[in-house]
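Thanks for coming. I will keep this short and start by putting the structure up.

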Amino acid sequence: MRPAAAYTSTDVPLEISGEHFEPVASQRVGGGGGVEVDSTFRAFLGSVELKDVRWQAPDRLSALVPAGLSGGPYDLRVIGPTGEGTFPAAFSGSTGRPAALSATLSAPARVELGTQAEVDFLLTNGGGAAVASPGIALLAGAGLAVVAVPVPGAIQPGQTVHLVALVAAEARGTVPLTLDATGLDAFDGEEVEAIASATVQVVSPAALSASTVPVPDLVSVGQSLDLVATLTNEGDVDALGVALMPVTASGPGGATVGSVPPPQDIPAGASRTFHVPAQATSSGAVFFAGGASGSDAITGAPISVQATWDIVFVQAAAQLSARWLTVPPIVAAGQSFTATLGVTNSGEALARDVAPVPNPPSVAATTGAATLTASPAQAPADVPGGSTAVFSWTFTAGGTPPASLVLSAGASGADANSGVVLSTGSIPSPTIALQTPSVLSASLSTPAGALRGDTFSATLAVTDSGGVGVNGLTPSLSVASGTGGAQIVSGPTPTSQNVLGGGAASFTWTCAATSNGAIALTATVNGTDAVDSSARSATAGATVAISDAVQVASAPLGATSFAYVFDFNGRVHLGPGQDGASAIRMLPDGSSPEPLTMGFRTDAVNGNVNGAIDRSIWPTLGFTNCVRDTLQCGPDNENGRGLFGSGSLGGKPWLVAIGARTNDVLSHLYGTADTGTAPVFSYAYVAGALSNQARGASSMLVFHDRVYLGFSDTSSIRPTYIVARSAPPLPGSPPVASVVNLRVDGVSGFGASAPLNRNTALTQMIDSQVAFNDLLYIANNGGIIRSTSNDPQPPLAGLPSNWATATPSAAAYAGKSSVTTRKSVDLEPADKAFPLMAASGGKLYAARNTTSGPQLWACAPGADLVCDPQDWQLLAPNGVGDLAVSQFDDPQNVRIALLAATSSRLYVGYNNAAGVVLYRSRVSAPSSRADFEGAAGCDASRAPSSCDGLGGRGLGAGATRIFDGRVLTYGKDYLYLTAGNGSSGFRVFRLVQ
């Protein structure tokens with residue numbers, strides 16, 4: 001049955017569906033009538049009969065429910081021609097009102113772009129039945145997007161439901177919104193619907209932009225600035241309470257910024273201008289930056305914008321000063337000369353319209369009768385910061401000499417940035433003397449002696465004894481004559497210069513000494529008078545003696561007869577003095593000697609032996625025959641000369657000094673990095689590393705930042721050889737572990753306690769040391785040994801020794817006996833069996849003194865780069881006499897006292913009663929006497945009759961003994977040696993490689 005329910009305030013048509021709704025046809029038999037059809041049907045809902053029941057089809061009837069039927073559900077009963085049928089609960093009726101839905105849509109008039117807004121719905125059911133299954137559709141035009149729409153439950157009769165939807169603004173413009181609300185009548189299931197609409201304006205929010213008015217790009221310190229910013233609201237909504245934030249100044253320059261103006265509202269599309277005062281305070285680039293903030297009139301959201309101004313360069317204000325007013329110091333009457341005024345802008349800003357005041361300068365005669373006349377200089381001029389403008393005048397002098405005059409002038413201008421007026425005070429010129437013409441004289445100075453193969457300087461001093469000076473001095477130098485030879489290498493320096501009246505100038509040449517003998521040098525200089533340009537000239541001469549050796553100092557420490565020589569901090573050092581307290585240093589050529597006074601820190605921790613110790617710095621290391629327990633002897637009563645030298649420790653040069661004692665053991669050695677003329681030495685306490693009969697230091701080597709020291713020794717564990725692995729701190733005494741006795745006394749053939757082949761000499765020492773191919777080689781009367789590593793350690797039981805024998809195995813070695821000595825203090829090279837060793841040209845050379853005469857030994861190591869006994873051979877043996885010694889055939893060469901190597905030569909020197917004798921090799925690795933040369937380069941294989949030693953016998957000074965020799969490098973390699981006769985003051989000699 002349809003409908004199954006309905007409101008019955010009026011008759012309700014309905015349709016009944018079923019089957020066998022069949023009319024009945026009948027005809028009276030025999031009656032002759034037509035067929036009658038019975039299609040009458042009746043229908044009842046409960047007891048209420050339906051109206052106007054009509055047959056529609058075999059399966060369908062139509063009818064009317066009488067108005068006013070209410071209740072149910074009623075059973076349906078249908079009666080027809082063929083019978084009746086029922087359908088339970090077929091229909092319900094109601095006389096009430098149906099559900100009636102209405103809607104209201106409420107949206108904000110304006111919504112800001114990029115924001116979301118709420119849309120309110122009111123749904124009301126004005127009917128008598130509930131609205132079931134309600135549905136809501138919110139439709140938005142372009143510019144709004146529906147974000148969320150709520151779904152309500154059933155709406156009861158008379159109920160109003162408030163719902164809130166969410167929309168998002170996506171594009172500016174006017175946008176329609178439509179609400180379509182639907183549902184079903186809860187009684188009869190009929191659909192109900194309500195529609196509402198609204199319009200929303202989508203607008204852009206308030207948005208600020210800033211533009212600034214450019215300020216001057218160049219300003220001076222102290223100049224005021226107006227920082228102008230215009231703020232524009234580019235949105236559709238007003239900006240409220242827009243205020244400038246504080247403006248900052250940054251950058252290397254400086255500025256102060258004043259207070260910001262009060263806030264303003266900026267309507268949509270409108271602009272407002274703000275002014276902020278500022279002042280430049282220091283030079284450099286300044287960056288001004290600020291910002292503004294306010295709020296959106298609709299949302300209240302904060303809005304802001306940044307503002308920046310173009311870079312401003314703050315310059316120090318222009319500042320003028322008159323820096324000089326130059327004039328010639330001397331003029332002659334009628335001469336024209338140029339005077340210049342230098343006006344400097346020491347600020348940074350441009351100084352404009354700068355002009356001298358007065359123009360030309362004022363003139364005042366200070367003595368005599370003199371006049372000057374000139375025309376004005378070209379002016380004004382602009383002067384950039386840090387620059388100088390020069391104004392010049394041509395003056396003409398008049399009057400009678402002698403007389404003097406002074407000019408005076410200043411300047412004025414303005415700061416180009418600020419317009420501030422600038423001025424300087426007036427400055428005077430130097431006094432101008434009206435004088436007489438020039439007179440030229442000259443002198444030539446050279447060293448009295450020069451080394452063959454070395455260079456020397458010749459200096460021409462030129463003087464004008466007149467009053468006006470000489471211009472364009474041009475010198476020349478020539479080697480005029482002589483028995484020697486020299487060449488001019490470079491010069492003159494300078495090539496030309498002027499000399500003032502009464503003044504002097506000098507010119508220098510560098511010359512090379514090529515052959516021994518005396519040479520005469522002649523120098524000439526030419527120029528022109530500074531006033532009248534007439535010619536001037538002068539000539540001078542000098543003589544230089546060229547030789548193989550030059551004496552650079554004679555008795556520099558007075559009566560001191562012996563001295564070590566070495567470099568320390570770029571100067572040649574000599575010492576110690578015979579008082580044990582002094583030394584001397586000088587430049588490499590022997591000039592500028594400076595005496596040194598030494599001090600030695602006393603040991604407050606371990607104590608000192610000298611009973612007179614009463615101070616922290618002791619004045620001496622003692623000397624031979626000093627009085628014990630007095631200020632004469634050292635801190636430990638040292639009473640003999642030990643050792644004085646230098647070395648580099650940790651990249652820093654150090655002085656090292658060690659005393660000596662004729663009895664008792666030494667306790668301290670001393671070191672300092674003090675480069676002054678009164679160095680104070682720190683102590684290293686070494687008593688624990690020395691034997692009880694170690695008397696004095698015999699040799700020293702600085703190797704890998706370690707100090708290796710040998711000592712003369714008479715104990716049963718002689719000789720003593722120690723290593724100090726660190727420099728002494730202030731005031732002294734490094735850790736005990738840093739000073740170690742390497743116990744070479746146990747090495748076979750070398751020391752007194754060796755298990756085999758003991759050295760039986762009563763006094764033993766480490767004669768000499770050298771580093772060769774990164775190993776240590778040490779020597780004494782027992783022979784030569786080498787370390788097996790570059791950091792040998794004391795022997796340990798059961799482990800191989802850190803030392804190997806390197807003593808020559810040749811018959812010439814075994815056939816001679818090394819010299820020995822009982823001296824423990826005041827040692828000289830001649831006292832030692834192996835006084836020196838030197839490495840040159842990949843070979844190791846050793847000087848040996850035997851009881852029969854000296855020997856030179858040369859080691860050519862094999863592939864292992866070490867000197868084994870079989871690698872040695874006798875070098876430069878005699879050709880006559882004893883063929884197993886190396887005396888260059890001169891039997892008076894009794895002891896070798898010098899062996900030293902430069903980068904290309906090997907030097908050997910002998911003590912000789914007729915005068916010390918020196919030779920040097922022509923090659924870096926000599927192998928025979930013919931590889932050596934003597935005086936003037938002669939062939940040493942022809943010595944002694946046809947080839948004397950370098951510098952002649954005794955080096956031209958009667959020296960018979962060499963005390964010390966060392967190669968020092970000052971631009972090139974030089975050999976320095978101290979020599980003498982042992983009774984008078986020593987002398988210092990220099991040879992060049």
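I will go through the disulfides, then one more cysteine, then a loop residue.

This is a predicted model, so local features need pLDDT of at least 70 and side-chain atom pairs count only at pLDDT 80 or more, while totals for chains, interfaces and linings use all residues. Residues are numbered from 1 along each chain as its sequence is written, and side-chain values use heavy atoms, with hydrogens and water left out.

How many disulfides does a search of the whole structure find? The search finds three, where a disulfide is a pair of cysteine sulfur atoms within 2.5 Å. With the bonded cysteines of the chain numbered in sequence order, the pairing reads 1-2, 3-4, 5-6.

Let me take them in turn, with burial alongside. By buried I mean under 20% relative accessible area, by exposed over 50%, and by partly exposed anything in between, using a 1.4 Å probe and protein chains only.

Start with Cys626 and Cys633, whose sulfur atoms lie 1.9 Å apart. This link is right-handed, with 110° about the S-S bond. Cys626 has a relative accessible area of 11%, so it counts as buried. Cys633 is buried as well, at 1% relative accessibility.

Next come Cys859 and Cys867, with 2.0 Å between the sulfur atoms. Is this one left-handed or right-handed? The torsion about the S-S bond of Cys859 and Cys867 is about -110°, and therefore the disulfide is left-handed. Cys859 and Cys867 are both buried.

Then there is the disulfide of Cys938 and Cys947, where the sulfur atoms are 1.8 Å apart. Here the torsion about the S-S bond is about 75°, which means a right-handed disulfide. Cys938 is buried because its relative accessible area is 16%, and Cys947 is buried with a value of 2%.

One more cysteine to mention is Cys511. Its relative accessible area is 1%, so Cys511 is buried.

Now the loop residue. Where is Asp532 found? Asp532 sits in the loop between β46, residues 517–529, and β47, residues 535–547. The strands here are DSSP runs of E with at least two residues, numbered from the N terminus. Asp532 has a relative accessible area of 46%, so it is partly exposed.

Conventions
Helix = DSSP H or I, 4+ residues; strand = E, 2+ residues; numbered from the N terminus.
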